[in-house]
Amino acid sequence: AFNATTDFTANTLNYAREFSDNWLTVCLPFAYAIPENVKVETLGAVDLGTKTFTFNEVEGTIEANKPYIIKNSSETAALFAELNDVKVEGTPEIMAVEVTAENSEHKVEFIGTYTTVKTDALMENGTYDILFFGNDGQLYYLSSGITSKVVNIKPFRAYIRLPKGAINWSDGQQAIARHGEGTTSIDNAPLTNDNASVIYDLQGRRVE
């Protein structure tokens, strides 16, 4: 977890997470010039009628305390490792991009986090549905009553939330995400994924 109560300059800074050729989320407390062979996008439009979530390309610089998706085709996997003289900005209360869904009054939020956030807190007792990117670059959704999966959104990542009931996930219509060069489907959270936590009690029984 991370929280900066004020701006400061880091003589050295190291965020050693590796970024691959899959779309992954990121939210950082400092600005960063986007290097060659790295694509960055953020949520730009949502159509709840067609279940379409569109990400728009960002050029030039990643801004501090804002959520993005990033795809790294460069030779350097650890993009943010061993940086020098970096201005770190104070942590705001909310780090989000808010989009009003087309033909709707619903607000859809792309939210960055510097702390681990788990399923119950993400959904706020069923108030919200959640979309998140797995480590495979696939966008998944979590909706109360459809899945009992436990998902952890780790620090320096981001997730999408929208009001519960804004989309009927079980009507058979495929939800899609538009980003990069093409369109991909949005799937229900899988049985196993790198974001999931399986919990057992002291008797070895699995707890959902």
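**Figure 1. R157, a buried residue in strand 15.** R157 has a relative accessible area of 16%, so this residue counts as buried (buried means under 20% relative accessible area, exposed over 50%, and partly exposed in between, using a 1.4 Å probe and protein chains only). R157 sits in strand 15; helices (H or I, at least four residues) and strands (E, at least two) are DSSP runs, numbered from the N terminus. Leaving out residues up to four places away in sequence, R157 touches Y15, R17, T25, V26, C27, I111, G112 and T113, where contact means heavy atoms within 4.5 Å. A word on what you're looking at: this is a predicted model, in which local features need pLDDT of at least 70 and side-chain atom pairs count only at pLDDT 80 or more, while totals for chains, interfaces and linings use all residues. Residues are numbered from 1 along each chain as its sequence is written, and side-chain values use heavy atoms, with hydrogens and water left out.

**Figure 2. P163, also in strand 15.** P163 is another residue that lies in strand 15. Follow the chain from K107 to P163 and you cover 56 residues, yet their C-alpha atoms are separated by 7.6 Å. K107 also turns up among the contacts of P163, along with H106, T127, Y128 and D129, once neighbours within four places in sequence are set aside.

Figure 3. Strand 10 (107-113) and strand 15 (157-163) each supply at least two residues of the lining, and strand 10 gives the largest share, with 4 residues. By type, the lining splits into 8 nonpolar, 4 polar and 3 charged residues (Ala, Val, Leu, Ile, Met, Phe, Trp, Tyr, Cys and Pro count as nonpolar, Asp, Glu, Lys and Arg as charged, and the others, Gly among them, as polar).

Figure 4. Look for N65 in the loop between strand 6 (61-62) and strand 7 (67-72). Is N65 buried or exposed? Its relative accessible area is 8%, so N65 is buried. The side chains of N65 and Y114 are joined by a polar contact of 2.7 Å, and the N65 side chain also reaches the backbone oxygen of G90 at 3.1 Å. (A polar contact is a pair of N or O atoms within 3.5 Å; within protein, one must be able to donate a hydrogen and the other to accept it, and residues adjacent in sequence count only if both atoms are side-chain atoms.) Beyond its neighbours within four places in sequence, N65 is in contact with residues including C27, L28, P29 and M95.

**Figure 5. I69 in strand 7.** I69 belongs to strand 7. With 0% relative accessibility, I69 counts as buried. Apart from neighbours within four places in sequence, the contacts of I69 include W23, F55, F110, F133 and H179.

**Figure 6. Two residues with positive phi, N37 and E124.** Most residues other than glycine have a negative phi. N37 has a positive phi near 70°, and E124 has one near 50°. N37 is in the loop between strand 3 (32-33) and strand 4 (38-47), while E124 is in the loop between helix 1 (119-123) and strand 12 (128-133). N37 counts as partly exposed at 48% relative accessibility, and E124 is partly exposed with a relative accessible area of 37%.

**Figure 7. A189, a buried loop residue.** A189 lies in the loop between strand 17 (182-188) and strand 18 (199-200). At 6% relative accessibility, A189 counts as buried. A189 and Y141 are 48 residues apart in sequence, but C-alpha to C-alpha they are 5.8 Å apart in space.
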